[in-house]
Amino acid sequence: MGAVLEVQGLKAFYGQTQALHGVSFALEPGGITTLLGANGAGKTTTLRSICSMVRTEGSIRFDGTDIAGRPTEDIVRLGVGHVPEGRGTFTDLSVEENLRVAAYTRTDKGATRRDLDMVFEYFPILKQRLTQQAGTLSGGEQQMLAISRALMLGPRLMLLDEPSFGLAPLIVQEIFRIMRRINAEAKVSMLLVEQNAALALELADHAYVLETGRVVMSGKSSVVKSDEAIRKSYLGY
Amino acid sequence: MEQLVQQIASGLANGAIYACLALALVMIFVSTDHINFAQGEMAMFSAYLAWQLLQWGVNFWIALPLVAFGSFLVGVGIERVILRPLHSAPVLSIVVVFIGLLTIFHSLAGAIWSHTIKDFPSPFPRVTFAGSGYIGPHQIGMIVVTIMLLLALFAFFRFTPLGLAMRAAAQNPASARLAGVRVDWMLALGWGLAAAIGAVAGTIVAPVVYLEPNMMASILLYGFASALVGGISSPGGAVAGGFIVGVLENLIAYFGNLLEKASGVYLIGNGEKLSVALIIVITVLTLRPAGLFGHVSVKRV
Amino acid sequence: MASTTTANGVAEKKRNGLLAIAQARWLWIVLAVLALLPIIGGKTGLISNYTFLQLSLMIVYSIAVLGLILLTGFNGQISLGHGAFFAVGAYTAAILIDRFNWPFWTTLPLAAITCFIAGYLFGLPALRLEGHYLALATFALAVAVPQILKYRHFETFTNGVQGINIFKADPPFGLPLSGDQWMYLVVLAIAILMFWIARNLLDSRTGRAMRAIRDHSMAAGTMGINVAHYKAVTFGISALYTGIAGALHAVIFEFVAPDSFRFELSIAILVGAVVGGIASLPGAVIGGVFVQVIEKYADALTKKITAAVHLPIDLEPWTIYGIALIVLMYTMPMGIAGGAYLLWRRLKGS
């Protein structure tokens, strides 16, 4: 089976500043992979590059299709769900409208309905708050909404950018538990960017560590977790 | 008392037109952060197109949707072809482009149809009815058509997927892209709709103000005042602002006349309506830029 | 020695010693020729009075455009309403000459002060407005100006819709110059003075503060620049310049009326500034020439274009301007002066 996501020699630029200096990795389908590293290492930039939200050079292949440089909305329509940093909630729309927007591109009404039911099964609180203005939701609820929006696309790959940010530990645990369920039940591959390395390594199968725009180490998360030298020098714990 | 009711009624009728223009302005502002200075001239040009169709024997109620649709296409074209490539240009460049569009539409109308004032027949039957003393059939028509248009738009944005996608694209383009919405085309559609709304407004006000290239200049100023009063980031506010300003404009002139009759002192009257609009614009911008229903975005460094 | 950048990233002229001398000499020659024109041209009959009138108007519009450029190009405040200040200057001069019999040259300082105050007062509420909002406020001003001028309570001075007629002054001391030649020299002298003042203003601390505010007003504020003060003062100065142009225009044209100052005037000044070069002093000159040339030759030019393209309708000049404006924003946003400067730099291989 081919890699669901294959990145080779990826360089990324914010204007004249180069943020990624040739990142390469591949994701096997069905697994959860995490990108770790300090602030400014280039983790969020990598996710943004996959969705063409920054200027890039290098090769990005999704399910074998070349997606580098294509417009964000086209990449998303191919089956890449991006849960952005800061949640990206449509604050002035209701919860229901947030979900409906995400389903905008889908033509199969039946599948959409099933996915909506699935979302409500994972996050029952959203069903309760359906008509509420999304901006009034708590941080945790907005994160659930953001994940749900990505799910409503019916994606094969989900990119998650710091889902634990600003959330209480209990909520984070719950969200991570649900993410594991989604990965297993809906068969969605995941690429997770996290500051909180311990948490990420608990969830993920595989890990890549970034430092100033380069991959400096990679391996099974069980290996990375148990290697104290790696943890101390790259992950700070 | 009779006169007061008359003034309020006619203020509502004028307000209907201001509401349409204000709505068109707000739609473009919310999605692109630009103020369409050419909105008035575009509406005027559309009114001329409608007049031309009428000259060719087309029924008004067929000409109106035709012109609205044609204006829609022109609006989409302007956004895609002229404005999109400049989206990262400095504000001055964009303002200049709008002024350029303004002069093109204005002078083209004059060139094609000449500058002489033309009569634009009202499509509403001239019948007398209960309230005839207070309001004329065309004025009622203006209010009715406007309200129907606004209801249709409201339904479109609230209940259709495309309307939802457009709202999302205007509020949060980045997230909209991540939902697969083609944001660039949503902006173009917004422009098209704004142009169409302006076309309807221009066409139904033409019988009142007579058709000539300068007809929309002062109405546009009132449209700006309305959008600012209501809140330039709020479509609902824009509509409310339109009716408020329409009635206010007439009330000020009315009380000015009263004052003159009572004390012989002339302070303000019909000849100062543009100055009133200017004062409204400056006052709102200075004291409460968000208007009644809008919100001001915080400037990020 | 400073080389500063404008909002669009085009570097303004560098000033090193040699270049300054070379420029200065070149400039002096041109000015000398201009000043001697009435003698060269007038005596030999080569240059008609009508031509002197045209030249005077070009210079007047240059001053008007310079006013706008100081505000918009060098201070970043967009104005679509400079016709208003042109009108204030024009009416101040006309009223003083007609009602109070002042000699025309004494009206200029008063027109200057009046316009400065008007600009400063308008600049105060405009302090918090930027970009589109300021454009909107000034747009409203421009549209309302004719109506304001027709206000009943001003009629004792403004004479309402009918306007005011004034008469051109004769050359003093019985100089052997025609009225038009004399006005030409007066306008030229004033223009030289005002451009010189502008140059010094822009090179001074005030000028640097103005540009800092244009480039990033928030940062300028944190550096200790009193942004509000400079913005309002710049508005005043800008109004002063355009107002003096208005006063001169009134004297040359010998007539002012509310409908001479419609919205089109504000657009014309803006067009001149943009075409000439929005952040360039030579641009103001080009802009002024452009405005006058267009006013005079637009119809003929448009007819030629219409004929060449075989259009079935009589295209109007403003349609061509509008298209030219849009094309210019794509190709030469810094105007002819900016484009010429870029070309010069490219040729120099810098």
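**Cavities and chain interfaces in the predicted model**

The largest cavity is lined by A:His82, A:Pro84, A:Ala102, A:Ala146, A:Arg149, A:Ala150, A:Leu153, B:Ser175, B:Leu178 and B:Ala179, in a structure that is a predicted model. The volume of this cavity is about 70 Å³, and a search of the whole structure finds 2 cavities of 30 Å³ or more. Two helices, H6 (139-151) of chain A and H7 (173-178) of chain B, each contribute at least two residues to the lining of the largest cavity, with H6(A) giving the most, 3 residues. When the lining residues of the largest cavity are sorted by class, 7 are nonpolar, 2 are polar and 1 is charged.

The second largest cavity, with a volume of about 40 Å³, has a lining made up of B:Ile282, B:Leu285, B:Thr286, C:Phe122, C:Pro125, C:Ala126, C:Leu129 and C:Ala137. Helix H11 (residues 273-287) of chain B gives the most to this lining, with 3 residues. Of the residues that line the second largest cavity, 7 are nonpolar and 1 is polar, while no charged residues are found there.

The contact between chain A and chain B takes 22 residues from chain A and 22 residues from chain B. Between them, chain A and chain B bury about 1,800 Å², of which 59% lies on carbon and sulfur atoms. Within the area that chain A buries against chain B, 34% is supplied by A:Glu73, A:Phe90 and A:Tyr104, more than by any other three residues. The interface of chain A and chain B holds 3 salt bridges by the rule applied; A:Glu73 forms a salt bridge with B:Arg177, in which the closest N and O atoms are 3.8 Å apart. On the side of chain A that touches chain B, the elements giving two or more residues are helix H2 (72-77) and helix H3 (95-102) of chain A, and H2(A) gives the most, with 5 residues. The residues on this side of chain A comprise 10 nonpolar, 5 polar and 7 charged.

At the interface of chain C and chain B, 46 residues of chain C are in contact with 53 residues of chain B. The area that chain C and chain B bury between them is about 4,300 Å², with 74% of it on carbon and sulfur atoms. Three residues, C:His132, C:Leu136 and C:Gln147, supply 16% of the area that chain C buries against chain B, which is more than any other three residues supply. Helix H5 (131-149), helix H8 (205-222), helix H10 (263-276) and helix H12 (317-331) of chain C each provide at least two residues of the side of chain C that touches chain B. The largest share of that side, 13 residues, comes from H5(C). By class, the residues on the side of chain C that touches chain B are 31 nonpolar, 9 polar and 6 charged.

Note on methods:
Residues are numbered from 1 along each chain as its sequence is written. Chains are lettered from A and ligands numbered from 1 in the order in which they are written. This is a predicted model: local features need pLDDT of at least 70, side-chain atom pairs count only at pLDDT 80 or more; totals for chains, interfaces and linings use all residues. Side-chain values use heavy atoms; hydrogens and water are left out. Contact means heavy atoms within 4.5 Å. Buried area is the accessible area (1.4 Å probe) that two parts lose on being put together, summed over both. Helices (H or I, at least four residues) and strands (E, at least two) are DSSP runs, numbered from the N terminus. Ala, Val, Leu, Ile, Met, Phe, Trp, Tyr, Cys and Pro count as nonpolar, Asp, Glu, Lys and Arg as charged, and the others, Gly among them, as polar. On a 1 Å grid over the protein atoms alone, a cavity is a set of points where a 1.4 Å probe fits but cannot get out, and a pocket is an open set with protein on both sides within 12 Å along at least five of seven lines; lining residues have an atom within 4 Å of a point. Grid points are joined across faces, edges and corners, and a volume is the space filled by probe spheres set on the points. A salt bridge is a side-chain nitrogen of Lys or Arg within 4 Å of a carboxyl oxygen of Asp or Glu.
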